[in-house]
Amino acid sequence: MSVRLAISMGDYNGIGPETILKSLSQIKAVRATPVIIGHKKIFSFYADRFDMALPDHRNISSADDIEDGIVNFLNMSDLETIQPEPGKLSEQAGKAAMLAVEKGIESCMQQHTQGLVTASISKEAVNKAGYHIPGHTEFLAEKTGTDDFMMILVHDELRVGLVTIHIPVAQVAGQINKKRVSKYIRIMNRTLSEDFNIPLPRTAVLGLNPHAGDGGIIGDEEITSITPAIKQAQSADIDVHGPFPADGFFGNRKYEEYDGVLAMYHDQGLGPFKTLSFGGGVNITAGLPIVRTSPDHGTAFDIAGENVADPSSFLKAAKLAIQLSKNRYAKT
């Protein structure tokens with residue numbers, strides 16, 4: 001199956017355009033058609049700056065005109081006069097980045113493309129542009145009308161999902177209840193089975209408190225919420241285990257025994273993940289009606305325009321989106 005892959009450009013003053021340019025030849029090598037959403041002018045700017053040649057391509061103004069087997073620049077008309085300023089925080093760049101994401105979502109929802117890779121945005125620039133969102137994940141869920149979604153970070157066989165995402169730590173415990181944990185166990189199991197094509201996925205669930213509560217001595221969320229959710233899932237024939245103390249789980253490499261790990265909050269899961277993935281992780285949004293991935297790094301304004309950005313995380317995100325799309329659409 002050949003995949004049409006929508007690629008939103010990210011913040012054009014960051015490293016997104018550079019990492020996209022550096023990845024195109026390898027994306028095409030795996031029989032995918034890249035559809036870059038933004039404007040060719042932005043990519044020409046960086047190609048000229050880095051003395052790189054643009055690949056063979058076609059300029060289009062609508063997803064209806066995508067041509068397979070060649071790079072397609074889906075040009076947004078309101079970016080015609082844009083002049084990138086590498087490293088600069090810009091309201092205009094923030095708005096353009098989000099418009100590109102919206103167009104990418106639209107192209108996937110209308111099945112012009114099968115997967116979406118989103119290059120990095122600046123949350124500060126996006127908020128200056130009037131998008132008051134905590135991140136890509138919540139925006140994608142809103143635009144696709146999805147209630148049951150979750151963030152999963154992937155590096156090779158390590159897959160870490162989160163019960164809570166971008167909320168203050170002070171609010172985390174109040175969000176941990178049986179219903180919520182049960183929902184994320186189901187989303188994790190379904191994603192591992194349907195998108196990653198793992199027949200009988202095995203999931204580990206972390207506790208919230210140190211030592212997973214020590215039998216209620218250091219908090220009772222494990223007793224009142226997490227363990228009942230695990231037992232409910234087990235009664236539905238989901239292979240899930242825990243709750244495990246997070247420190248020992250990662251310290252003893254228990255994650256190697258599982259297909260997925262469900263953490264209770266952002267830094268509990270992503271701190272160990274980023275240490276183990278050495279910056280090579282990929283972010284996916286599970287539960288959406290579309291396949292979406294992104295590199296696990298930011299806009300890197302400090303090195304933007306210097307031709308030193310490492311494209312490996314973006315390339316992994318693109319390849320994972322292609323594979324997940326093949327797994328999902330081969331069954332339809």
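A cavity, on a 1 Å grid over the protein atoms alone, is a set of points where a 1.4 Å probe fits but cannot get out. A pocket is an open set with protein on both sides within 12 Å along at least five of seven lines. Lining residues have an atom within 4 Å of a point. Grid points are joined across faces, edges and corners, and a volume is the space filled by probe spheres set on the points.

This is a predicted model, where local features need pLDDT of at least 70 and side-chain atom pairs count only at pLDDT 80 or more, while totals for chains, interfaces and linings use all residues. Residues are numbered from 1 along each chain as its sequence is written, and side-chain values use heavy atoms, with hydrogens and water left out.

**Stop 1: the cavity**

Select D195, I284, T285, A286, I290, V291, R292, L324 and R328. They line the largest cavity. Its volume is about 40 Å³. A search of the whole structure finds one cavity of 30 Å³ or more.

Now colour by element. Helices (H or I, at least four residues) and strands (E, at least two) are DSSP runs, numbered from the N terminus. β11 (282-286), β12 and α11 each supply at least two residues of this lining. Which element gives the most to the lining of the largest cavity? It is β11, with three residues.

By class, the cavity lining has five nonpolar residues, one polar and three charged. Here Ala, Val, Leu, Ile, Met, Phe, Trp, Tyr, Cys and Pro count as nonpolar, Asp, Glu, Lys and Arg as charged, and the others, Gly among them, as polar.

**Stop 2: the largest pocket**

Select K123, N283, P295, D296 and H297. Of the 21 residues that line the largest pocket, these are the closest to its centre. The pocket holds about 400 Å³ of space. The lining of the largest pocket divides into six nonpolar, 11 polar and four charged residues.

**Stop 3: the second largest pocket**

Select V154, H155, D156, E157, R159, F196, G280, V282, K316, K319 and L320. These residues line the second largest pocket, which has a volume of about 220 Å³. β6 and α11 each supply at least two residues of its lining. The largest share, three residues, comes from α11. The classes here are four nonpolar, two polar and five charged.

**Stop 4: L192**

L192 lies in helix α7 (residues 178-194). Is L192 buried or exposed? L192 is buried, with a relative accessible area of 1%. Buried means under 20% relative accessible area, exposed over 50%, partly exposed in between (1.4 Å probe, protein chains only).

Show the contacts of L192 next (heavy atoms within 4.5 Å). Leaving aside neighbours within four places in sequence, L192 touches R159, N197, I198, P201, T203, D259 and G260.

**Stop 5: the sheet**

Switch to cartoon. 12 strands form an open sheet, in the order β3-β4-β2-β1-β5-β12-β11-β6-β7-β10-β8-β9, with mixed pairing. Two strands pair if DSSP finds at least two bridges between them. β3 (57-60) and β9 stand at the edges, each with a single partner strand, so one side of each has no neighbour in the sheet. The twist averages 25 degrees from one strand to the next.

Zoom in on β1 (residues 3-8) and β2 (residues 32-38). They pair in the parallel sense over six bridges. Pick S8: its bridge partner in β2 is I37.

α2 lies across β2, β3 and β4 (71-75), running at about 120 degrees to β4. Axes are lines fitted to C-alpha atoms, for helices over the stretch in contact, and angles run from 0 to 180 degrees between N-to-C directions.

**Stop 6: backbone details**

Select G242 and P243. A cis peptide bond joins them, with omega about 0 degrees. P243 sits in strand β9 (residues 239-244).

Go to D214, in the loop between β8 (202-206) and α8 (221-235). D214 is not a glycine, yet its phi is positive, about 50 degrees. D214 is partly exposed, with a relative accessible area of 37%.

End at N307, in the loop between β12 (291-295) and α11 (312-329). Its phi is near 60 degrees, a positive value in a residue other than glycine. N307 is partly exposed too, with a relative accessible area of 33%.
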